[in-house]
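Let's walk through this one together, piece by piece. Have the sequence and the 3D view open as you read.

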Amino acid sequence: MAPPRPLIDDITAEILLRLPPDEPEHLFRAALVCKPWLRIICDPGFRRCYRDFHGAPPLLGFLHRRMVMQGDPPARFASTTSVPEFPHPGSDGRRTRPLDCRHGRVLVHMLQHGKGRPGYLVWDPVTGDRHSLPPEPKKMDWLICSAAVLCAADGCDHLHCHGGPFRVVFVATHQRKNVILATVYSSETGAWSVPVCLDDTCESYARHMRDPDAPFSPNYTPYLQPRRGTLVGDALYFTVRWRNAIVKYDLGKNRLSMIDPPWPPPNVCSIALMAMENDTSLGFARILGSSLCTWSRKEEVVEWVQYRVIELEKTIPVANREDKPYVVGFAEGVGVIFVSSGVGLFTVKLNSGQVKKVDKSRKYFSVLPYMSFYTPGMTCILS
């Protein structure tokens, strides 16, 4: 006698549940096998179990930022899977500049010519949802900026952040004053907050500004790097150019402060901040010689501890002897560091040291990894 249909469905679901999420094609192909499989895979309960079973959302692709002098990057969402690239908001020819990817969303600076100030777009590549934001407050009057988009849903585990409220944190160096400002946009209020300021009242910032070795001292400008911010707990972290000093924005306290990087402070652009140890501590990565070195900041003793060293000489190919690999980003949750060389862009897994090429050689400064579950049954607009 054949087993009852519900039992077969349960066994099938258990098997499908184990298909790896970092290659969505597997589930999509399985959904085409037969109608019962399609029904199982598209069921909201299965999708919820699939996310819970696999934990952190997988890396689906990335965008990237360049340094100001390098110009804007191509309007392209680069897929790291076999799924076609999602259509970029700038594919219609409008000038855009990606700022961040996080919690299933992409933050894009929508630049324009003529009258009016540029605004912002929060875009969900998987569902196609788009939310336009007004420009930041005029009081910001910024010279160089960075920004982060965050899920704002209470109690969210960030495994399925599609839809719902969000926040955008905008941090920038002031155009004329030697201060750093921050303001927050809330999708629930539809408005930006009153800017807060990092100035000489912060002891570590005052010490940084008095550094006699800083460029153009005593007229040094704290140039905030246009690098992706890192979220650890209830704080976001950014860096300034000189010695990669770290700017911390505390979301709960609405306060800016500054902390020092690992000693000796590297005066190089090729570093990455990252979330370490189950996203509970701040990490720092850079390449020394041919080794990828990482540090973790221990808050209880306020010091940096070297975390891991991965030898890259035989794993990251270079174009010539002068070509040196450099760090350009980190994907939280999946433990992946992005390293660029004259041969291409590579991912390095921290737990195993495994290296994978994900794109050809380009001008990279800050990779913006996009992580999300992508399963049949989710609304998607593809080209």
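**From a sheet to a pair of helices**

Start with strand β1 (residues 59-65), which runs antiparallel to β24 and is joined to it by six bridges. Within that pairing, His64 has Val367 of β24 as its bridge partner. Two strands count as paired here if DSSP finds at least two bridges between them, and the strands (E, at least two residues) and helices (H or I, at least four) are DSSP runs numbered from the N terminus.

A word on the ground rules: this is a predicted model, where local features need pLDDT of at least 70 and side-chain atom pairs count only at pLDDT 80 or more, while totals for chains, interfaces and linings use all residues. Residues are numbered from 1 along each chain as its sequence is written, and side-chain values use heavy atoms, with hydrogens and water left out.

Back to the sheet. It is an open one of three strands, in the order β2-β1-β24 with antiparallel pairing. β2 (78-79) and β24 (366-371) are at the edges with a single partner strand each, so one side of each has no neighbour in the sheet.

Now move to helix α4 (residues 44-54). At its N-terminal end sits a cap, Asp43, with a side-chain oxygen 2.8 Å from the backbone nitrogen of Gly45. Gly45 is also among the buried residues of α4, along with Phe46, Arg47, Tyr50 and Arg51; buried means under 20% relative accessible area, exposed over 50% and partly exposed in between (1.4 Å probe, protein chains only). Just after α4, Gly55 takes a positive phi of about 80°.

What does α4 meet in α3? Ile40, Ile41 and Cys42 of α3 are in contact with Pro44, Phe46 and Arg47 of α4, contact being heavy atoms within 4.5 Å.

Finally, look at strand β14 (residues 246-250), where four of the five residues are buried, so the strand is largely enclosed by the rest of the structure. On one hand, β14 runs antiparallel to β13 (residues 235-239), with five bridges joining them, and Leu236 has Tyr249 as its bridge partner. On the other, β14 pairs with β15 (residues 255-259) in the antiparallel sense, over five bridges, and Tyr249 stands opposite Leu256. The β13 and β14 hairpin has six residues between its strands, with Arg243 at a positive phi near 60°. In the β14 and β15 hairpin, with four residues between the strands, Asn254 takes a positive phi near 50°.

Note on methods:
A polar contact is a pair of N or O atoms within 3.5 Å; within protein, one must be able to donate a hydrogen and the other to accept it, and residues adjacent in sequence count only if both atoms are side-chain atoms.
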